[in-house]
Amino acid sequence: MTNVEIDFPREDLSIDRKHRGIYSDNDGTADIKRRKVKNEPKSEYDGVWNQRITTDFLTEGMLGLGVIMKIKETEILLECSDGIIVKVPVQNFGNLMLETLKNSSLTLEDIFKVGQMLAFKVIKAREIHEIRKLGKKASYPIVSCDPLIVNFHLNPGALINGLVLNGFVESVEDKGVIINLGLQSIELKGFLAEKHLPPTFERESLVEGQPLLLRIQDENLLNKKARVISLSMVPETECLNDAAIKRLKLNDLMPGTLLLVNPLQPTASGVYVNIGNDIKGYVSRQHLPPRYRNDPFKCLKSFKTIVMFCQQNSNLLILNGHPDIIAVSKFVKRTNFENIHIGDIIECKVSSVDKNGNVNFDISLHEDEKNPLVAAFARKTELEDRLEYKKGTIHQARVLSFKMVERLLIVATRKDILAQKMVCVKVRLDAVPGEKVTAKVKSVLAKGLFVKIYNSIPGFIPKIHLSDKLITRIDKHFVVGDELNCRILNVNRLKEQLILTNKQSLTTNKDTIIKSYEEVTTNTISTGYIISQHPSGGLIIGFYGGTRGFMFPKEAERLGTNIKIGLTVRIQVISVDPQRERMLVAVANTINGATAIARAQPFVIDAENPISFSAIVINISSDGNMLKQNETLNVAIRLGKKLDKKVEAFIPRELLSDYLDLPFSSLSESIALESILPKVAILGDVAGNLKATSKRFIIDWLEKHPRITSIQNLAKGELVCGNIIQKHQEMGYFVELAGGSALTAPARFIRPMALSVQELQIGQTVVARVSSVDLERKRFALILDIHLCVPPGAESDYFAPSMVYYVLEELNWFIANNPNISQIPKIGECIDIKIIEVSECSVIVQCADNSNFKGHAINSTNILEGRSCAKALVLDVKLPSCELVLFFLNDGVQHLNEKKLQSLVCSKKKFDAKVWLHKREYAVAIAEVEKLAFVVCIPVRIHPNVNIISAKSDGNDNHYTITPKLVAGNIVIGTAMETLKKYELTHRKFKTPVKAAVKKKLKQFSIYTAKVKGMWSRDDLYNAVELELPDGSIGRLHASEFDESFLNQTSHPVQSFLKKRKNKTVNVKIICFTKLKQKMEKMDLSKPKGKGVQKGEKMVVVTRLSECTMKTWKLNETKRKQSLLGYPQSYTHGSLIPVFVCKGPHVGVVRVEVSPLWNGIIRKQNLYDENLITNPTNDASALVDIDFETGEKLIAQVIGVNVYKNGRGKSRHRKCLEMTLKETRKIFERGDRVTGRVVGITQSPSSVILELTNNQRAVLTLT
């Protein structure tokens, strides 16, 4: 037993023996002798702390001093003495600091600086148990720098002159800063004068709540009535004064306090020193001033030290005498290592070799420098084996890292490390994107591989960069230890790791490597990969170093339909803007070496920009096939003062006007260059060129309705506006929605169209209603029936007046911007003319500006006999000939102006009018009321979704009763019942027959919206949720099918899920269908409802059950395989899986659920140690296990698979796994402490049979 006790691991055996009075010989292997402590001679330094600090000593309440080594977004890491690192979360700086960060744009990097020193108090030690179970990286101790916590134990009477402590800025004044020291007396404040600030800080840069390390320097501190303490932010100028030293106690010290100490007893590992008032301390060799570091026995004079660690009511005290650490306010002293950087190769002189083979070096950068401030250290594993390390020998070494507090360079002398391209991610020049490296796999995860480069530099290979082929099961292709030839994609400075690619198409590619925008030139050929697809259809192409390029949708079509994230693409650079970090690329053409592509215009369609702009006609172009129907209008759009620029765009002929038959055949002959379009709207881009429209109906629609930018903006039943772009024999029409989203959908009429209605034409504007939206497949459909495509409660001719209004405005614009004649009267205008020539219906007239026009009299010219002048109403203008269609007025008939027409419309009085002219959009009539005449336009197309056949004029039936709607210049727009009857479009109330709702059959591997009903209670499963699917059927969502991110957030997933989502809808995918069998009371259907229950008789009801999942990767998976998406059918030994505790009681074993197919059991000996406690009523009794809660999630390891089979060799529905919560061990050695479960008792001989955690049996005898 004695030998077992010696070999049993202890944290520090010598200390433990000393406290218990147990001593051993020098070799540590002799028999232990027990002596009484009082017989040992006591040393005067017995109570002095002389141990090296480790993380295990950092318990709650310990005080320390740290140097800021890394500043993250929400936390700061501090480096302390002996290489210890602690973490300060942002909330541990105080409430005032949190408010400052919330109410401003400041970050932690703006407030703190690397190298700055702060005092802290440990509030949470590292969690050792959690680390062992989960196998994670060791966590840092959590500390607080809030003065309210660090200085909590201090009272105003304990403040002494020269004491250093934390304080935070309460307010910034003209002559200094008010400091809150966090003392129990809220009236006692500190004042930091501006002259006592170090050069590295300015008064204006300080913010409220900012913690600072300050020294008390108030000479009148003994005056207890003083409420303000004078402070200094340069603690190194003075040590604790003599008066304070005389009454000093160990509990009075705080981290950062400077002490002048006298050496008492030097040793090989350090020096015992006298602080004063019979208080002694110890300074270890590496913390001595540089002049004493190599030989502590030379330390004879007093020197300055700083308190690094201390603890209340304890002898723990760590001091440091290095001048760079004592200079608290000089941050550069700790960040600068004599201008040596990581990766540099330097010459080092051996100063000593410790017993473990590690080597300490001296660094002499200058010949006259005797005591350099920086030393070096190399571990045995980083040393070249062939070399001999004698004291004084000089070796070449490479710097791997720094220790700021120890003032040490961590170096290596191995030849392979000296030849490495890089040694650290922190060095920007080392890790160059695009460089080839060899990576070794360290761990395999579902999201990718964690690797090491040169066995020291961490790296990560994302899943899409593992191979050019799609990999679903990474563990089947890669294992730990594999070496991969990769390229550096990017450097993650925040996580300090390299992002790599293992795609052969990238690693073996010889094209130019793009790693920065500055180095790229036009026409460069390179290879990149698809990062994402833009909603417009364009592609974001990624390169090395975070460089990205954009590919237009038209160019992306050249890649075919096999576009997926991660696909490698060979591209050609079209343009690059290094200042804005933008690049335009196209698919590289390997045949002729160039790709012609139009340039994109710098315009972004979003909610902040206006809908419409004015534009200037630049030119008119065609596609070169001599067809006038393919002409386009090229314009320059004025974006206004806000955007301060112009962009070029094109307007296709079909987007120029809502006029179905333009009054001219050629744009170039009918529109003058440099004409100004009052309103145009940008719809999007086509191959990099902006497409626009001047249709007033669309522009007005976009200004009054929210812009649709993606399919997510669509909702079933919503009204939308668009243009017909294609006809299809089976699907009807294809409509492109207006708004710049480039969304296209099929549209059709539910009811057959009337005989008088033609098919819709390409380019025609339509208003449609969304009939269905499928977000998963990114599809939607539209219906065009006019009675359904109007706002709720509106008549079918709701849009008719506004359509005529916009057509008249567009026609007047064509008239005004005709290149032949500049001044042409508008439609509806009353003009005074001079008759030049009359022949039948044709006349030649002269207007007031002496311009001659050829006209056509719509009424009889007999009224012109004997007259040289007359008045006429302009009914139409024929373009491009500019021939007028006139209606001559009789003598004494006057024309109504616009104001009188407005009053007529407001009165809503009906009047009679005679139609003289028929057009596809409207009919033109003349109304004569009491010697007053004016032009009336009657809508013929009562809805955008109809196309009326032109009717011939019938002289016997041209009189209509008009209901005025609105005024357009000199024209009244009104509706007539006679026109609607003529075209079979009278106002009718359509009654759509209500069809019985047909339940759609649910399909496997499809995504549906399901309602969460509650906890599953229909069979023996305890960890599932009941769902109601769209067809009313039952769905089941087991806890194992929750998303991984949700499972990691809670220990009771089902309860947490129901708390958040009960009676709400969720998106699920059906992974399989099963049968749910339930026993119910047998019913007699011949009896009345409720009275047909036959007690005692049962019947089995079989229901179809949908098994569902919410795992993100399964929802996104496009493959429809049961083996991939279904429940796991098998498990491997040693795999870690989440399990869920079943309903108790648990006798001997804990029963768990793995999935609806698999159960599991965890025997008592395989539980956590904390779940097995000594019986409180009987210490000699068996261990009692603390029961788990139903539904609790555990991470268990599979140690056995039991599949019960029936006589036919088929397995049962439910299978069972043997599991453990402990770390499995195959072999136990002598002296190991184990937990066993009693499985048997023998009487002769008397013994107890135990089952151990590795399923081995053990025998416990009476001896």
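Predicted model: local features only at pLDDT ≥ 70, side-chain atom pairs only at ≥ 80, totals over all residues.
Local features were taken at pLDDT of at least 70 and side-chain atom pairs at pLDDT 80 or more, while totals for chains, interfaces and linings use all residues. Residues are numbered from 1 along each chain as its sequence is written, and side-chain values use heavy atoms, with hydrogens and water left out.

Helices (H or I, at least four residues) and strands (E, at least two) are DSSP runs numbered from the N terminus, and two strands pair if DSSP finds at least two bridges between them. A closed barrel is made of five strands in the order β8-β9-β10-β12-β11, and its pairing is mixed. From one strand to the next the twist averages 55°, with axes as lines fitted to C-alpha atoms (for helices over the stretch in contact) and angles running from 0 to 180 degrees between N-to-C directions. Opposite L165 stands L214 of β11.

Strand β65 (residues 1215-1220) pairs with β61 and with β64. With β61 (residues 1158-1163) the pairing is parallel, over five bridges, and W1158 has K1215 of β65 as its bridge partner. With β64 (residues 1193-1202) the pairing is antiparallel, again over five bridges, and N1202 stands opposite C1216. In a regular strand the side chains alternate between the two faces of the sheet. In β65, six of six residues are buried, where buried means under 20% relative accessible area, exposed over 50%, and partly exposed in between (1.4 Å probe, protein chains only). One side of β65 carries K1215, L1217 and M1219, the other C1216, E1218 and T1220, and both faces are covered.

In soluble globular proteins, nonpolar side chains tend to be buried together. A nonpolar core is defined here as a set of buried Ala, Val, Leu, Ile, Met, Phe, Trp, Tyr and Cys residues joined through side-chain atoms within 4.5 Å. The largest such core holds 82 residues, of which V635, I637, I651, L677, I833, F888 and Y922 touch the most other members. Helix α16 (residues 800-816) supplies the largest share of this core, with nine residues. Y922 is in contact (heavy atoms within 4.5 Å) with Y659, V804, V807, L808, L811, C937, I938, P939 and V940, leaving aside neighbours within four places in sequence. Another core, of 60 residues, lies apart from the largest one and includes C80, V143, L213 and I325.

A pair of aromatic rings is described by the distance of the centres and the angle of the planes. Rings of Phe, Tyr and Trp (its six-membered ring) were paired if their centres lie within 6.5 Å, and planes under 30 degrees apart count as stacked, over 60 as edge-to-face and the rest as tilted. This rule gives 22 aromatic pairs. Y805 and Y806 form an edge-to-face pair, with 5.8 Å between centres and 70° between planes. Y805 is partly exposed at 27% relative accessibility, whereas Y806 is buried at 8%. The F1042 and F1046 rings have centres 5.5 Å apart and planes at 80°, so this pair is edge-to-face; both residues are buried. One aromatic cluster is formed by F697, W701, Y798, F799, Y805 and Y806.

A charge is taken to sit over a ring if NZ of Lys or CZ of Arg is within 6 Å of the ring centre and within 35 degrees of the ring normal. The charged end of R1036 sits over the ring of W1016, at 5.0 Å from its centre. R407 lies over the face of F337, 4.3 Å from the ring centre. R407 belongs to the loop between β21 (394-403) and β22 (408-412) and is buried, with a relative accessible area of 0%.

Most residues other than glycine have a negative phi, and most peptide bonds are trans. The phi of R407 is positive, near 55°. N523 also has a positive phi, of about 70°, although it is not a glycine. N523 is found in the loop between α12 (504-507) and β28 (525-533) and is partly exposed, at 49% relative accessible area. H1052 lies in the loop between α19 (1044-1047) and α20 (1053-1061) and is buried, at 18%. Not counting residues up to four places away in sequence, H1052 touches E1189, T1190, G1191 and E1192.
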